[in-house]
Amino acid sequence: MQVLDANGTVIASTANIKGDDPVLSAPPAARRTTVSTLNDSPLDSTASFRVVAYPVELASGPGWVYAVASTTTVEAATASLVTLFWLGLPLILIVVAITVWYAVTSALRPVERIRRRAAAIEASDLSQRLPMPPTHDEIAALTSTMNEMLDRLETASDRQRQFIGDASHELRSPLAGLRAQVEVALQHPEKTDLEHTLTTVRDEVGRMTTLTEDLLFLAQSTESSPMTLPAPVDLDDLVLDEVRRLRRLGGRDVSAHTQAARVEGSARDLSRLLRNLADNAYEHAHNAVAVDLHTVDGIAELTITDDGPGIAAELRETVFQRFARLDTSRRRRTTGGGFGLGLAIARQVALAHGGTLTAHERADGRTGAQFLLRIPLSERDATDAPHHPARP
């Protein structure tokens, strides 16, 4: 360090530069702390120095204090660091690249196994499932979700194949009957009762039309879009219409007890539901059909009871399956056999309206079957409806 007076004369210095000329040839022009670098210094012409000039006030007037430090050590350290950097950077990059490659490969290995298995799954065989990784991370959650999706696809595919097979079988029978009638009439026109043949053809065409409409309804009601529920419907009016229709058919004692019940839904679809239930009860009853509609806790409950052979407990869900017909005395006797779609359609309509449809034994313990339909009342009517004790 050196201390200089206002004339630039060294008046004091540290021992290592005692007697040397000022480090700077001239003080800084401005009286403020100044930092500069000297490459050709009187201290050592081969080294570089960093000089800091501090303005001070001496007894004789303004002066300066010079602090000088060699940059040799810093430059040597910087050079060593640069050398190490250029030598170590490639090695570090290689190590990092290998580490990242190994980590990514390990993380994606389960994904690759899942991809290969998914690529091997074909539409004709949806029984295969994706391998579950041993970890409990997002990949495991994704695999579980995909396996659940495959479960749903397999179930839907099985139902579709069964539905198509059953539909083909049901359509084949009336078509074969029609063809036989027509072929006999063409081969033996002189022996053919034209009126009888045309009546038979008309009846079979009607049965095929009914089957086609039922199939179309079921196909549309299982699509992703919900069934349209356009407006409030007076369920009691629809029930009374079906009761009057059954009474006009005759042959059965049809009793009814109804209470006002308004629901939100499609009058057309609800009419179809009620007709299917009424026809089922009418055709299986020996003598009597009872219809009861009441409301309880914001729910419209409709029970249709017949005095037929009844339904065994283990078959009370089977009857709602498509093309299900029981191999018991509970076969359709009045119309020569149905297609087994009526109750499936009825339940589908009930579900679309937020309700349920179930089969039970008669509440009074007598022989027969009882179907219970429960549909929520419209919001306004549910608030105003009186409460009645629920039936068992």
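Let me begin with strands E4 and E5, which form a hairpin with 2 residues between them. What we are looking at is a predicted model, and in it E4, covering residues 49–58, and E5, covering residues 61–70, pair in the antiparallel sense over 10 bridges. To pick out one of these pairings, the bridge partner of Val52 in E5 is Ala67.

E4 also has a partner in strand E3, residues 34–38, and these two strands pair in the antiparallel sense over 5 bridges.

Now let us turn to helix H6, residues 342–352. Why can we describe helix H6 as largely enclosed by the rest of the structure? The reason is that 8 of its 11 residues are buried, and here buried means under 20% relative accessible area. Among those buried residues of H6 are Gly342, Leu343, Ile345 and Val349, and Arg347 is buried as well. After H6 comes Gly354, which has a positive phi, near 75°.

Finally, a word about confidence. The protein chain has a mean pLDDT of 82, with 86% of its residues reaching 70 or more. Where pLDDT is low, the predicted coordinates should not be read in detail.

Terms used: Residues are numbered from 1 along each chain as its sequence is written. This is a predicted model: local features need pLDDT of at least 70, side-chain atom pairs count only at pLDDT 80 or more; totals for chains, interfaces and linings use all residues. Side-chain values use heavy atoms; hydrogens and water are left out. Buried means under 20% relative accessible area, exposed over 50%, partly exposed in between (1.4 Å probe, protein chains only). Helices (H or I, at least four residues) and strands (E, at least two) are DSSP runs, numbered from the N terminus. pLDDT is the predictor's confidence in each residue, from 0 to 100. Two strands pair if DSSP finds at least two bridges between them.
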